[in-house]
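Visitor: Hey, I've got a model open and want a quick tour. Can you walk me through it?

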Amino acid sequence: MFIGIASGGVFTGDRANQPDFLTPYLAAVLGSIGLKTLQFLPVQATAFLGGDKATSAREKALAAIDLTVIAEVPCPATVEGE
């Protein structure tokens with residue numbers, strides 16, 4: 001599952017001004033219903049971004065998508081014997 005997170009503040013890295021409570025919370029909640037393969041795509045500090053920088057941040061987040069995780073999880077419809 002791919003989860004996009006847009007935040008006005010900064011919650012990771014050197015400029016972090018608040019703790020990251022959302023990512024572990026979502027991982028726990030979604031894991032409890034069986035969704036274990038998660039990829040978070042954060043776009044941080046959106047409150048401080050102008051038009052060009054916001055577009056660049058969005059493109060950077062989209063480029064970070066790791067599609068190899070899709071191959072790791074078998075689709076129930078493709079499992080042999082079912």
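Predicted model: local features only at pLDDT ≥ 70, side-chain atom pairs only at ≥ 80, totals over all residues.

Visitor: OK, in which sense do S1 and S2 pair, and over how many bridges?

Guide: Parallel, over five bridges; S1 covers residues 2-6.

Visitor: And what do S1, H1 and S2 make together?

Guide: A right-handed β-α-β unit.

Visitor: Which residues of S2 are on the covered face, and which on the uncovered one?

Guide: Gln39, Leu41 and Val43 sit on the covered face, while Phe40 and Pro42 are on the uncovered one.

Visitor: Switching to pockets. What's the volume of the largest pocket?

Guide: About 310 Å³. Its lining has 15 residues, with Pro42, Val43, Gln44, Ala57 and Lys60 nearest the centre. The elements giving two or more residues to that lining are strand S2 (39-43) and helix H2 (51-63).

Visitor: Which element gives the largest share of the lining?

Guide: H2, with three residues.

Visitor: How do the lining residues divide into nonpolar, polar and charged?

Guide: Nine are nonpolar, three polar and three charged.

Visitor: Now confidence. What does the pLDDT average for the protein?

Guide: It's 77, and 82% of the residues score at least 70.

Methods. Residues numbered from 1 in each chain as written. Heavy atoms only, no water. pLDDT = per-residue confidence, 0-100. 1 Å grid on protein atoms, 1.4 Å probe; cavity = no way out; pocket = protein on both sides within 12 Å on 5 of 7 lines; lining within 4 Å. Points joined across faces, edges and corners; volume = space filled by probe spheres on them. Helix = DSSP H or I, 4+ residues; strand = E, 2+ residues; numbered from the N terminus. Nonpolar A, V, L, I, M, F, W, Y, C, P; charged D, E, K, R; others polar. Buried < 20%, exposed > 50% of the residue type's maximum accessible area, 1.4 Å probe, protein only. Pairing = 2+ DSSP bridges. Right-handed = clockwise from strand over helix to strand, strands pointing away.
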